[in-house]
Structure formats: structure tokens, C-alpha cells
Amino acid sequence: MLDSFYATHKYLVEHTDPLVRRRLMDEINWNDRLIAIKGCRGVGKTTFLLAYAKEHFGMSKECLYVNLNNFYFAKHTLPEFAGEFVASGGKTLILDQIFKYPAWSHDLRVCYEKYPSLHIVFSGSPVMRLTEENSDLRDIVKMYNLRGLSFREYLNLQTGKSFPVYSLSQIISNHEKIAKEILVEINPLWYFSDYLRFGYYPFFLEKRNFSETLLKTMNMMLEVDILLIKQIDTAYLEKIRRLLYIMLEETPCTLNVSRLSNEIDTSRATTMNYIKYLKDARLLNLLYIADKQYPQKPQRVYMQNTNLLYALPTRQIGELTIAETFFYNALHACHKVNATDRSAQFIVDNKHYFNIAPRLSGKAGFRLTAVGNTEIGSGKQIPLWLFGFLY
């Protein structure tokens, strides 16, 4: 039985050659016995899993990649399969599309307890609540998030360079020196506008129309990651699509929940639920004051990344909209980002106040400012592109 799975595994691993090594590969403790890799559709979870198999195991049969959409699992259970794998000398199971298997959380727990020598790595949608609503896995799973390409990863991919990650404190303290060192190698602004349009999702590398692929991916987020996983009736899909369309037109924006409820013809509570689903699917980012969170209304709403801003071809997108969206997405990956009632747009880690500006200013402000369309900053004015080096 395992032979056909090994044959598929061998083919996929042999034909996996990621052009950029994701930083997350070195952040995971691969010794943990149950590891979840969460990430939105399109960021390269399958490629990441196969790259892990290739890098750590080569063609060894101690590791096996399995897609749970295989019809085998319509009749056979995951613990049954895992038992055969362990009996044949297997040590690490890599499970993709775990949500396609109905009793996934229960049976992962069974495998964890029944086969103490087995390591399991599985991918999941960000909509899946692995610990908050799932007692089966709460005390045993280690979760990691695979995000879209950072500007640094995109730049390394496009140039063949190996620019390192810089911490936020390094960027704040030494941004002029860091920027000058990078500019000796390349001019980041030559690549930045393309990244903002299509560099976040690795599928821009594929020989397909990026805009069409992005639209298809966004629709799959709605139809699978939200409706299927959250078990929402398909009759409500059109309301969620309409809400997403409004967000594509208006973000960054404050939420007028009453108006939105009228426009999509549903209750205020349901509208807020839909906003949360879009956020969980990594289509939106919700910005809150530090002491507030869902189900309270956010201070502002952003698209999750700048590529999504271009999904609506009829919209004219301003420089400040793009800059704010990029900054929030880049910082949110590794830091706590909140709204503030002070004279700043963002507060990061409860201590760094930031404003966003599309151009370098001759005035020396007292707030940190992320500045677009500049190669090198000055003082508290930091080039926007440099925040793409945080991961």
C-alpha cells in the first residue's frame, strides 16, 4: 500500500527546487513531534513542506509526504495509515491539506499518543483554530506561520543575492548605514514597485497570468478556507464576496458597520463575523487600539498585503495607501502593531510610534517615519523598503 505513496513522494521531492530558502525553515524546532505550518492559500506551504523533506531526508523512506485529499482516506483512517508507516520504519509524516480529512484533530491526537516515535508535520489554513477552539491539540501542537515572501526574500530571489534579516532595533538605530551597504549591491527601489504589485505570493514565478491566479486564489480563500472549513452555507457566499469588494474599494478605512450591514443585507453581528473570517483567511488586517480586540470594532481595516490592493483594476491606489498597507503587513509579521490616539498612525511593540509618509520631508520630525520612494533616510525618517528586511 505504501509503495504508491512513496512513488508520489519521490516524484514530488525530486521535482521540488525552491528558488528561495524561506527563513521559517531555520526557526522551527523540527524535533517537536507535532508541528503545524499555517499560512494563507498561495504562500507556498506545499513547496515548503517538500523542501523540508528534501533538505532533511533526501530520498530516505523515513519521511513521507501525503496529501490528505487522496481517495485512500475516504475508507482508511489516518492512525491506520500511520501505523503501517511506522511499522515499515517511517519516522516523519508530512501531511498536506489536513482539513480534507474529517476527523483530523482527533486522529492526529491518536497518532501522537499511539506512536511515540512518530513525528508529524502538517499544513493548515489560517482559518483553522488549532488551539483556541480545539482541545484535541491544544497541549501538543507547535504552530508556525508561513507568510508570503518578504521584500528581502523577493529581492534575494530576483537578484541572486543573500541579504540578511535585520531586526527592528537595528533598522531604527542604523538604517542609514544598512541602506548604504545594500545600495552598494543593488538599488532596492528598482524592484520595490514590482514587489508591491506581485511579489508577496510566490506563484508570480509560475508561467501563468498573475492577476488571474490571484483572483482564483482569493476566490478559493472564500469558498474553501471560509465556507468549507467554517461550514457556512454557500447561499451566503455572495454577501461575503460583496463585503470583500467594498474592502478592496475602500481600505485603509474605518468601519461603518451599519452601512456595511445595509449594503450586504445582513445584521451588524454577522457583518463583524464576516470581517473576522476575511481577516482569518489573510485577506484583511484589523488594526486595534492596544487594549481592544475582536469582537470590538477595529480602529482601521487594511488589505492583508499590497498585492491584494491591485486585485480591483478599477481602483486608483494612492501612494499613502500602498505605504501604510506594506508597513502594517511587514511589521505585523514579527511584531505587535496597534493604532494609537497619539499623534502617530501606528505604535509597534507598545513603544515605537510610527507615521507613514510617501516622500522624504525636509523637516526633522520627532516621530519615527517610514518614508516611501527614497533610497536612504535621514534621522528618524527611515526608507519604507527597509522594513521588508524584518524576515
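These legends describe close-up views of a predicted model.

**View 1. Five strands form an open sheet.**
The strand order is E2-E3-E4-E1-E5, and the pairing is parallel. E2 and E5 are the edge strands. Each of these two pairs on one side only. From one strand to the next, the twist averages 20°.

**View 2. Strands E2 and E3 run side by side in parallel.**
Look for the 5 bridges that join E2 to E3. Helix H4 lies across both E2 and E3. The direction of H4 makes about 145° with E3.

**View 3. Helix H5 packs on the sheet.**
H5 covers residues 104–114. The helix touches strands E1, E3 and E4. Its direction makes about 165° with that of E4. Which residues of H5 are buried? They are Trp104, Ser105, Asp107, Leu108, Arg109 and Cys111.

**View 4. The largest pocket holds about 1,100 Å³ of space.**
How many residues line this pocket? The lining has 39 residues. Gly44, Lys45, Thr46, Thr47 and Glu206 lie nearest the centre of the pocket. Helix H3 (45–57) and strand E2 (63–67) each supply at least two lining residues. So do strand E4 and helix H9 (210–228). By class, the lining has 16 nonpolar, 13 polar and 10 charged residues.

**View 5. The second largest pocket holds about 830 Å³ of space.**
This pocket is lined by 34 residues. Closest to its centre are Lys279, Arg282, Asn285, Tyr328 and His332. Five named elements give two or more residues each to the lining: strand E5 (142–145), helix H12 (268–280), strand E6 (284–287), helix H14 (319–332) and strand E8 (337–338). Which element gives the most? E6 does, with 4 residues. The lining of the second largest pocket divides into 15 nonpolar, 9 polar and 10 charged residues.

**View 6. The largest cavity has a volume of about 60 Å³.**
A search of the whole structure finds 1 cavity of 30 Å³ or more. Leu149, Ser150 and Phe151 are among the lining residues. Others include Tyr195, Tyr200, Phe387, Gly388 and Tyr391. Phe326, Asn329 and Ala330 also line the cavity. Helix H14 gives the largest share of the lining, 3 residues. What classes make up the lining of this cavity? It has 8 nonpolar residues, 3 polar residues and no charged ones.

**View 7. Leu312 sits in the loop between helices H13 and H14.**
Helix H13 spans residues 306–309. Is Leu312 buried or exposed? Leu312 counts as buried because its relative accessible area is 11%, and the cut-off for buried is under 20%. Leu312 touches Tyr245, Leu248 and Glu249, leaving aside residues up to four places away in sequence. Now compare its position with that of Val66. Leu312 and Val66 are 246 residues apart in sequence. In space, they are 36 Å apart, C-alpha to C-alpha.

Notes: Residues numbered from 1 in each chain as written. Predicted model: local features only at pLDDT ≥ 70, side-chain atom pairs only at ≥ 80, totals over all residues. Heavy atoms only, no water. Buried < 20%, exposed > 50% of the residue type's maximum accessible area, 1.4 Å probe, protein only. 1 Å grid on protein atoms, 1.4 Å probe; cavity = no way out; pocket = protein on both sides within 12 Å on 5 of 7 lines; lining within 4 Å. Points joined across faces, edges and corners; volume = space filled by probe spheres on them. Nonpolar A, V, L, I, M, F, W, Y, C, P; charged D, E, K, R; others polar. Pairing = 2+ DSSP bridges. Axes fitted to C-alpha atoms, helices over the stretch in contact; angles between N-to-C directions. Contact = heavy atoms within 4.5 Å.
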